[in-house]
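Take a walk through this structure, one region at a time. Keep the sequence and the model side by side as you read.

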Amino acid sequence: NKDIYILGIETSCDETAVAIVKNGREIVTNIVASQIDSHKRFGGVVPEIASRHHVEQITIVLEEAFNQSQLDWDDIDAIAVTEGPGLVGALLVGVNAAKAIAFAKGKPLIGVHHIAGHIYANRLIKEFEFPLLSLIVSGGHTELVLMKKHGQYEKIGETRDDAAGEAYDKVARMLGLPYPGGPYIDRLAKEGEAKIDFPRAWLERGSYDFSFSGLKSAVINYIHNAKQRNVEIDKADIAASFQASVVEVLTEKTYHAAQQFGVKQVIVAGGVAANKGLRTSLKKRFKTTELLVPPLHLCTDNAAMIAAAGTIKFKQGKRSDLTLNANPSLPL
Ligand code: KG4
Ligand code: ZN
């Protein structure tokens, strides 16, 4: 059995990333060029700036991946690239780079869903056992996805409004914290006390959907009311109370879904998986079911996860052709 080396490319948002993964489980190289500093002063990702940075960075990052790996093009079995969802102009840079390489080097091309990538980041740590439940929490997604085998995804719940990371970033902004605000709230929460009673959106009985816009509004109202009455707000307490609400809902819904579907593993994926409060709460709740949480550098956007998800498609004989296009709203 020959080893499989997949080159992954990810440019869906504000990281230009290239990686090489061996047999879907072993990182050979994983290069991420972050643009966060260019977007920070705007308080969010500016699509036009993102695209331009990707164009500037992609060939540099590609070269860097090969320099670090001591592999060359002959060793690569296929090119996996994020085709969506994400910012269309950003996605296009990666997709076109991948198509150009696939054509020039005569390599198979494999389009990968960004969320499949976040899920497969966990397989770089541990082999999957099915059925498996994934909680995907990022700046653009909050989803519970059930998997009964490799490459097959069944969405059992999703957010009806804001994504968890989006709520974090918006609340952080109201508290005057830098972008992206998730990590800042996480840190601040540790210094505060969860004594403000913010709402928890459980929705209908048995629903695995989420909603964070009501919570966000409750935090805004709380801050406005305090300002009107000229009372000092305690940012740490607000952060802790907000985080307690998000974490409790995410933990409980994931736990009940895991029970209902009798899963063998629970996976947490996406940028918010880096959240200390969420990690602690899930670890406490899942005492018997195996819980996989990727290390921090694999929680946020990277290309190793795209190569890992691409490896499964490669093995299943799934290929894209040169008509592959960026799809900002690609379904999982
Ligand atoms: O997966 P990701 O890197 O990009 C998307 O695909 O969206 O996720 C970014 C999101 C941001 O909203 C960021 O604030 C959030 O993940 N995030 C966190 C933490 N670290 C990153 N949210 C809460 N706590 C954290 N420690
Ligand atoms: Zn992501």
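Contact here means that the C-beta atoms of two residues, placed from the backbone, lie within 7 Å. Ala, Val, Leu, Ile, Met, Phe, Trp, Tyr, Cys and Pro count as nonpolar, Asp, Glu, Lys and Arg as charged, and the others, Gly among them, as polar. Helices (H or I, at least four residues) and strands (E, at least two) are DSSP runs, numbered from the N terminus.

The domain assignment gives domain 1 (5–120 + 299–315) and domain 2 (130–293). Such bounds come from an automatic or database domain assignment. The centres of the two domains, taken over C-alpha atoms, are separated by 27 Å.

Residues are numbered from 1 along each chain as its sequence is written, while chains are lettered from A and ligands numbered from 1 in the order in which they are written. In this predicted model, local features need pLDDT of at least 70 and side-chain atom pairs count only at pLDDT 80 or more, while totals for chains, interfaces and linings use all residues.

Now turn to the ligand. Where does ligand 1 lie? Both domain 1 and domain 2 give residues to its shell, so ligand 1 lies between them. There are 19 residues around ligand 1, and S138, G139, G165, G182 and G271 come nearest. A residue is near a molecule if its C-beta atom, placed from the backbone, lies within 6 Å of it. Helix 5 (164–174) and helix 6 (182–191) are the elements that give two or more residues to the shell around ligand 1. That shell has six nonpolar, ten polar and three charged residues.

Helix 7 is next. Its 16 residues (213–228) should span 22 Å at 1.5 Å a residue, and its end C-alpha atoms are 22 Å apart, which agrees. The expected span is 1.5 Å times one less than the number of residues. L215, K216 and V219 are the buried residues of helix 7. They cover an arc of only 105 degrees around the axis, which puts them on the same side of helix 7. The arc is that of the directions from the helix axis to the C-beta atoms. On the other side of helix 7, S217, N221, H224, N225 and Q228 are exposed. A residue is buried if 20 or more other C-beta atoms lie within 10 Å of its own, exposed if 12 or fewer, and partly exposed in between, with C-beta atoms placed from the backbone. Helix 5 and helix 8 (235–261) are among what covers the buried residues of helix 7.

Finally, look at the backbone. Most residues other than glycine have a negative phi, and most peptide bonds are trans. N230, in the loop between helix 7 and helix 8, has a positive phi near 60 degrees. A cis peptide bond joins F130 and P131, with omega about -5 degrees. Another cis peptide bond joins Y179 and P180, with omega about -10 degrees.
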